[in-house]
Amino acid sequence: MAATAVAAPVPTAPPTDRIARRPTKILPQSLIEGSRITDKQTFDAAKHVNFTPPNKIYTMEEIGLTGQGLSSTAISEPFPLFTEEAIRQMRGEVFSQTILDKHQYQSSFASNMIRGHCPEDAPFIWDAWNDPHVLDIISKIAGIDLVPAWPFDTANINISVNTETDNVEITSTPQQDNGKPKEEEEMSAFGWHYDSVPFVCVTMLSDCTNMVGGETMIRTGRGEHMKMRGPTMGTAVIMQGRYIEHQALKAIGGGKERISMVTSLRPRSCLAKDEVVLTGVRGISYVPELYFQYAEYRLQALKERVRHQLRVLRRRHDARRDFDTLEARVWLEEQRGYIDAMLAELVEVEVE
Ligand SMILES: [Fe+2]
């Protein structure tokens, strides 16, 4: 079982959303109509993936967090991932009337989000994020085999219009913070926090050519700030956000819209360390569905862990080796911790 002694950081945001809310701000009709498509396609990696590896992948060691997290990858520079046609299809799906009617949310930090639309109402996006070629690309950059964490957060869409900001975590070329922490704190769109899931991939769905700001600031293990530029249209950034304290900076100017897609990812292997929490997503989700998806994957993983351990015990027995009491107790305590973590997350909440 992959494990380190590093305690899981606790996400600190968003603290003020206990119950999911529908947006009070209406999206402009021009944005909706401008994104609509009539020629829906089926996702096809050969046609819709336009991948170029990132120029650089910053390691946990480079940001002073050696040995923490699930892999050595901290954060990538933006890299091309999807074709323009794929982005057009994704936008067409996101702004379909079915999705707008059912899946719009707001939070203390983002006036307009669209989430929870996968898989049934967004087959193109769902297929894209479950495509073996796409997941292979993402996994190689992350340094660990990843899958979408659960359907609800497969493609959280953050939308900001005009000069307003969203709460996306994004990145690119790190620059040392040269002594302007106060101004940067004032520019924060989203306070310092850790994500709820090990990795996020942020893909930009709009043209941000002339936008200023919108970076992600990370705090290194040495306490320094590093600023990462956000992705541009069609490009993506991968970050191990569960183990890196970070905040999004406000985006100003540029185009009239900023639309980003945040994909939450977890290890494919059920034996990997799993410190997922629901803190950051419970208040912006339809809780019964989120809890089902979380409980289902965790219990599936627990089932696989038990099967794996049974094979270990059987192999040892067949090899006429004595039962390893200490090892068995360590394993059982790990699983008890896993169940205790579920009990901590599956708390009763009001549902509107
Ligand atoms: Fe984040």
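# Briefing on a predicted chain

The buried residues of helix α5 pack against helices α2 (45-48), α3 (84-94) and α6 (132-142) and against strands β6 (146-148) and β17. The model described here is a predicted one. The chain contains 9 helices and 17 strands, and 43% of its 352 residues are buried. Among contacts with a separation of 6 or more, 84% link residues 24 or more positions apart.

- Helix α5 covers residues 123-130, and its buried residues are F124, I125, W126, A128 and W129.
- P119 lies in the loop between strand β5 (112-114) and α5.
- The peptide bond that leads from C118 to P119 is cis, with omega near 0°.

**The largest nonpolar core**

- The largest nonpolar core has 75 residues, and the members that touch the most others are I125, I138, F199 and I238.
- At least three residues of this core come from each of domain 1 (29-268) and domain 2 (286-352).
- I125, named above in the core, is also one of the buried residues of α5.
- Leaving aside residues up to four places away in sequence, I138 touches L146, C201, I238 and L265.
- As general background, nonpolar side chains in soluble globular proteins tend to be buried together.

- Strand β10 spans residues 199-204 and is mostly covered, with 6 of its 6 residues buried.
- F199, C201 and T203 point one way from β10, while V200, V202 and M204 point the other way.
- Strand β17 (residues 257-267) pairs with β10 in the antiparallel sense over 6 bridges; in this pairing V202 stands opposite V262 of β17.
- Strand β14 (residues 235-239) is also antiparallel to β10 and is joined to it by 4 bridges; here T203 stands opposite A236 of β14.

- Strand β12 (residues 216-219) pairs with β15 in the antiparallel sense over 3 bridges, and I218 has H246 of β15 as its bridge partner.

**The helix pair α8 and α9**

- Helix α8 (residues 287-318) packs with helix α9 (residues 325-345) at an angle of about 175°, and their axes are 12 Å apart.
- Because of this angle, α8 is roughly antiparallel to α9.
- On the α8 side the residues that meet α9 are Y294, R298, L302, R305 and Q309; on the α9 side they are W331, Q335, Y338, M342 and E345.
- Why can residues three or four places apart in an α-helix point the same way? An α-helix has 3.6 residues a turn, so residues at that spacing point the same way.

**The loop between α8 and α9**

- R320 is placed in the loop between α8 and α9.
- Phi of R320 is near 60°, which is a positive value in a residue other than glycine.
- Is R320 buried or exposed? R320 is exposed because 6 other C-beta atoms lie within 10 Å, and a residue with 12 or fewer counts as exposed.

Technical notes
Residues numbered from 1 in each chain as written. Predicted model: local features only at pLDDT ≥ 70, side-chain atom pairs only at ≥ 80, totals over all residues. Pairing = 2+ DSSP bridges. Helix = DSSP H or I, 4+ residues; strand = E, 2+ residues; numbered from the N terminus. Core = buried A, V, L, I, M, F, W, Y, C linked by C-beta atoms within 7 Å. Buried ≥ 20, exposed ≤ 12 C-beta atoms within 10 Å, placed from the backbone. Domains from an automatic or database assignment. Contact = placed C-beta atoms within 7 Å. Axes fitted to C-alpha atoms, helices over the stretch in contact; angles between N-to-C directions. Parallel < 35°, antiparallel > 145°, perpendicular 65-115°, else oblique.
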